[in-house]
Amino acid sequence: MLTKEEIQQKLLQYYTEWFGTDDADEWYPSPAVNVWVFRRNGEYIALKCHLLNGTIEEKR
C-alpha cells in the first residue's frame, strides 16, 4: 500500500502533466486521502489514486 506522501506525489504529477497548473482552478476538500477534486472552466474533475498500484483514474 502506498503512503500518503506517495499518493499525494502521484496525484500532483498527474495533475501537472495532464492539466498544467492554473491559479483559477477551484479546489474542494478531499473526500479521501487518495482523491483530489477541482473545478476548471465550469467542469468538475476528480482524480483518484489507486492505493495499491498508484494508477490515477480521472472522472469528469
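Reply: Buried residues make up 28% of the 60 residues in this chain. Buried means under 20% relative accessible area, exposed over 50%, and partly exposed in between, with a 1.4 Å probe and protein chains only. The model is predicted, so local features need pLDDT of at least 70 and side-chain atom pairs count only at pLDDT 80 or more, while totals for chains, interfaces and linings use all residues. Residues are numbered from 1 along each chain as its sequence is written, and side-chain values use heavy atoms, with hydrogens and water left out.

The chain has one helix and four strands. Helices (H or I, at least four residues) and strands (E, at least two) are DSSP runs, numbered from the N terminus. Along the sequence the order is α-β-β-β-β. The radius of gyration is 11 Å, close to the 10 Å that the globule rule gives for 60 residues, so the chain is as compact as a globular protein of that length. That radius is taken over C-alpha atoms, and the rule is 2.2 Å times the number of residues to the power 0.38. Along the principal axes, the C-alpha atoms fill a box of roughly 35 × 20 × 15 Å.

Now the helix itself. H1 covers residues 4-19, which is 16 residues. At 1.5 Å a residue it should span 22 Å, and its end C-alpha atoms are 22 Å apart, which agrees. The expected span is 1.5 Å times one less than the number of residues. Just after H1, Gly 20 takes a positive phi of about 70°.

Which residues of H1 are buried? They are Ile 7, Leu 11, Tyr 14, Tyr 15 and Phe 19. These cover an arc of only 100° around the axis, which puts them on the same side of H1. The arc is that of the directions from the helix axis to the C-beta atoms. On the face turned away from the buried side sit the exposed residues Glu 5 and Glu 17.

The cover over the buried residues of H1 includes strands E1 (26-28), E2, E3 and E4 (56-59). Contact here means heavy atoms within 4.5 Å.

Gln 8 also belongs to H1. At 25% relative accessibility, Gln 8 counts as partly exposed. Leaving aside neighbours within four places in sequence, Gln 8 is in contact with Val 33 and Trp 36. The C-alpha atoms of Gln 8 and Asn 34 are separated by 7.3 Å, although these residues lie 26 residues apart along the chain.

In soluble globular proteins, nonpolar side chains tend to be buried together.

Cys 49 shows the packing from the other end. Not counting residues up to four places away in sequence, Cys 49 touches Leu 2, Ile 7, Lys 10, Leu 11, Asn 34, Gly 54, Thr 55 and Ile 56.
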